[in-house]
Amino acid sequence: MFLRSLLLPLICVFALAKRSHGLSPGQQRPSSLDAASNTLQYHGGPLLTKPNGINVYLIWYGGFSLKDRNSITDFFASFASPGRRQGPSVSTWWRTISTYKDKTGKPVSDTVRLVKQVGDVYSSGKTLKRAQLANLMKSKIESKIFPLDPNGIYLVLTAKDVTVERFCMASCGFHDSILVGGSTRVVFAHVGDPTVQCPGLCAWPYALPAYGPPGPALVAPNGIGTDGMIINIATLLAGATTNPFKTGYFQGDALAPLEAVTACPGIFGTGAYPGYPGALLVDKMSKASYNAYSANGRKFLLPATWDLIRLNCKVIT
């Protein structure tokens with residue numbers, strides 16, 4: 001399996017010299033791209049480009065509150081519905097990703113939608129290997145609970161009491177691909193709830209890392225763990241669509257690449273620098289920080305994306 005560990009960008013941008021990206025805590029720099037090429041390189045492989053959109057098939061593994069589930073499903077709904085207010089939204093954030101094109105000139109699908117979700121109450125226990133996540137998703141497809149969709153993303157979200165191999169140690173999530181039915185390769189991904197295990201690593205800037213500049217964490221609009229997961233889900237969606245089979249857009253090692261979002265670690269607003277996420281919107285009542293309006297009145301924080309045209313990290317505006 002080609003494991004693509006998305007070391008979350010946000011995670012300790014402070015630990016500049018020590019941490020690394022992928023969604024792992026390693027390459028945390030305001031601009032992590034090789035100065036020689038100054039862009040993500042396209043390696044000629046397929047992207048997720050079907051014009052009717054990218055379907056997401058979701059497994060809730062373990063126990064999630066209704067509030068947390070609603071926040072995350074509203075995030076997916078926001079690709080189609082920008083919300084009641086005019087301004088930056090999830091759908092406008094995705095426009096940068098839809099400028100990525102394959103070798104035939106086809107762009108990444110311009111929308112993402114959650115089409116099916118199922119629960120799983122610890123069928124494989126509370127301590128999982130990455131291979132078990134792949135097998136879990138494969139079993140859902142083979143048993144026809146989920147359809148076989150080569151332009152889809154099969155996403156496993158694990159609850160805060162589930163331990164996953166490398167999660168919170170070198171990773172806040174990852175995406176990979178698996179062969180199903182002997183001939184069809186599909187994309188799957190994992191994101192865990194960091195509330196208990198590593199909020200400072202995988203929910204920054206809503207929680208402070210163990211080592212970093214002092215000061216208060218920002219207020220999360222939907223809860224620390226949930227907003228951390230949404231940041232990581234957004235990061236994975238961008239990486240999985242533009243580099244689904246480790247032959248798309250990335251720089252560096254194909255097994256630990258810098259991708260569309262992880263090339264822009266810790267950047268959420270203008271003026272960002274290590275330890276400071278940038279200028280954000282602040283809710284007058286709750287004091288929560290965010291940068292995107294979303295469906296059902298939600299507010300989210302979305303990471304910067306690498307702009308292939310301007311050759312810089314683009315924040316949502």
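**Reading the disulfides**

Modeller: The torsion about the S-S bond of C168 and C198 is about -60 degrees, so this disulfide is left-handed. C168 sits in the loop between β7 (163-164) and β8 (173-180), and C198 in the loop between β9 (184-192) and α4 (199-202), 30 residues apart. The model is predicted: local features need pLDDT of at least 70, side-chain atom pairs count only at pLDDT 80 or more, and totals for chains, interfaces and linings use all residues. Residues are numbered from 1 along each chain as its sequence is written, and side-chain values use heavy atoms, with hydrogens and water left out.

Biologist: How many disulfides does a search of the whole structure find?

Modeller: A disulfide is a pair of cysteine sulfur atoms within 2.5 Å. The search finds three, and the S to S distance for C168 and C198 is 1.9 Å.

Biologist: Which residue does C172 join, and where do the two lie?

Modeller: Helices (H or I, at least four residues) and strands (E, at least two) are DSSP runs, numbered from the N terminus. C172 joins C202, S to S 2.0 Å. C172 lies in the loop between β7 and β8 and C202 in helix α4, so the pair ties together parts 30 residues apart in sequence.

Biologist: Is C264 buried or exposed?

Modeller: Buried means under 20% relative accessible area, exposed over 50%, partly exposed in between (1.4 Å probe, protein chains only). C264 has 0% relative accessibility and therefore counts as buried. Its disulfide partner is C313, with the sulfur atoms 2.2 Å apart.
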